[in-house]
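Here are my notes on the model, as numbered points. Please read them alongside the coordinates.

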Amino acid sequence: MADALPLPEHVPVLVAGGGPVGLTLSALLARHGVASLVAEADEGCCSGSRAICISRRSQEILAAAGAGAALAAKALPWTGGRSFWRDREVLHFEMPSEPLQRFAPMVNIQQYHVESFLAQSLQRVPELARVAWSTRVLQVRPLEDGVEAEVEGPAGRQRVRCDWLAACDGGRSTVREQLGLQFEGTQYEGRYVIVDIVQKTRRPVERLAWFDPPSNPGSTLLMHRQPDEVWRIDYQLRDDEDGEEALKPENILPRVDSHLRMIGETEPWKLLWASMYNAKCLTLPAYRHGRVLFAGDAAHLVPIFGVRGLNSGLEDAANLAWKLALVLEGGAAPELLDSYSVERVHAARENIAYGAKSTEFMAPPDFAFRLLREATLRIALDEPAVRSLINPRQTAPIAYTGSPLNGPEEGTWTSALAAPGQPAPEALLRGASGEFHLTQGFGTDFTCLVFGDGTLPRALTELAAHGVAVLEIAPEADAHGQARLRYGLPGGLSPTGLVLVRPDGYVMGRWRGLDPAPVLACLQAKGLQP
């Protein structure tokens with residue numbers, strides 16, 4: 001996939017790292033009309049399944065990045081799972097879901113498919129995005145008005161200047177090393193072998209977990225179905241096992257085969273890929289360093305339990321893209337990007353807190369945690385009240401509580417779901433051409449949701465002159481009643497209100513009535529000129 005064409009001498013945004021986070025950021029920047037160059041050290045998309053569980057919020061982001069249709073056609077949706085202690089079921093959980101929602105709570109798909117879909121999306125906008133495969137960022141030199149990077153690729157070494165550098169180059173980030181930055185946090189000792197096998201099965205798609213199964217005594221084992229008849233199997237190693245030996249096929253095959261036979265999966269199977277993982281709860285204390293911005297694993301490492309790794313990285317990209325675009329367009333001062341760091345460091349710390357709790361149960365770090373886990377599992381056999389302790393809380397969008405971008409909330413609202421700093425709730429609406437989901441309207445502009453009585457005041461139409469899209473939600477459009485309920489409009493005769501939503505789908509402020517002046521005042525107070 002690599003080409004030997006020379007790279008441009010200057011780009012508005014250089015993205016170091018062409019994994020799913022870097023590719024998503026480039027695609028979202030292109031949607032805003034901002035050109036970027038992605039430098040990826042590998043010659044193409046990754047091998048092995050790697051991050052496989054894509055949340056509902058991440059599906060929204062990938063759809064905005066142009067990968068939604070391909071993802072929906074390939075991925076396997078799921079809504080729940082089962083956990084077993086030895087050979088007895090101790091938990092059956094279901095995530096909140098309803099048939100009217102745009103996306104499933106979670107889908108399974110190998111990371112290389114996601115990367116491929118994103119790369120194809122970028123190929124559709126060659127004037128705004130280019131992926132330079134087999135191209136590695138070697139050195140980074142911050143400048144007062146940008147960054148100079150030395151890169152090496154098929155055309156040799158050259159220097160590329162950029163206005164902004166987005167470091168999406170993974171857990172072993174070269175950019176982070178070049179700037180002399182260090183992670184803070186904890187690394188756990190428990191190790192998991194991660195295996196992809198191909199085998200036909202009729203099992204439903206759900207998350208499966210075994211604690212101390214007869215097939216692998218003393219281990220914890222996870223299974224997820226993936227597209228193309230692939231099983232992803234993760235199993236824990238004992239403390240005394242050698243990691244290098246554990247990854248040899250002759251040691252993987254018996255353990256996998258033992259478990260497949262235990263659960264009645266008797267079809268022939270073949271090993272495709274294997275790797276090793278141990279849980280890390282690490283983050284940089286800040287994600288903006290001058291003209292360098294960190295995202296994904298370059299910024300934070302969170303445990304796989306609860307699937308917060310890739311999903312949090314995609315949220316980094318969604319948060320960063322519109323802010324970077326607005327700064328480059330002159331609609332905001334560079335200080336806007338400080339809010340990226342504030343919001344996403346807050347999100348990382350929340351994800352790390354949840355991930356640490358899950359890790360201590362899924363891979364107990366010492367005897368006391370192992371004893372506590374076994375007691376919980378024993379009690380869960382007969383006591384439903386403790387079963388929720390077994391389930392690692394699945395990833396969910398983090399509210400930006402205390403964000404410097406949060407605007408006011410004026411008047412009476414009956415739901416906290418759409419308070420400033422919250423992800424804007426989904427709703428199925430009815431328009432002239434049929435039904436559509438509210439989140440389909442987010443992604444590029446600030447959007448003012450107008451809960452009116454069917455007559456749009458002329459003053460509101462003037463918001464468009466200030467770069468704010470207007471989406472009217474009249475009573476007849478909200479045929480299912482979801483929008484008014486979730487956004488907190490109290491009962492009565494057509495209550496009115498305005499809700500300002502950021503391009504990344506987060507609520508910025510809300511006001512009762514239909515006067516647009518407070519909306520514009522909020523944007524002005526935050527230094528934003530969309």
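1. The structure holds 7 aromatic pairs (Phe, Tyr or six-membered Trp rings with centres within 6.5 Å; planes under 30 degrees apart are stacked, over 60 edge-to-face, the rest tilted). This is a predicted model: local features need pLDDT of at least 70, side-chain atom pairs count only at pLDDT 80 or more, and totals for chains, interfaces and linings use all residues. Residues are numbered from 1 along each chain as its sequence is written, and side-chain values use heavy atoms, leaving out hydrogens and water.

2. The ring centres are 5.2 Å apart and the planes at 15 degrees, so F84 and W210 are stacked. F84 sits in β5 and W210 in β13, so the pair ties together parts 126 residues apart in sequence. Strands are DSSP E runs of at least two residues, helices H or I runs of at least four, numbered from the N terminus. F84 and W210 are buried (under 20% relative accessible area, 1.4 Å probe, protein chains only).

3. Y287 and Y340 make a tilted pair, because their centres are 6.3 Å apart and their planes at 50 degrees. Y287 is in the loop between β16 and β17, Y340 in helix α9, so the pair ties together parts 53 residues apart in sequence. Both Y287 and Y340 are buried.

4. Check the charges over rings (NZ of Lys or CZ of Arg within 6 Å of the ring centre and within 35 degrees of the ring normal). R291 lies over the face of W164, at 4.4 Å from the ring centre. R512 lies over W413, at 5.9 Å from the ring centre.

Terms used: Buried < 20%, exposed > 50% of the residue type's maximum accessible area, 1.4 Å probe, protein only.
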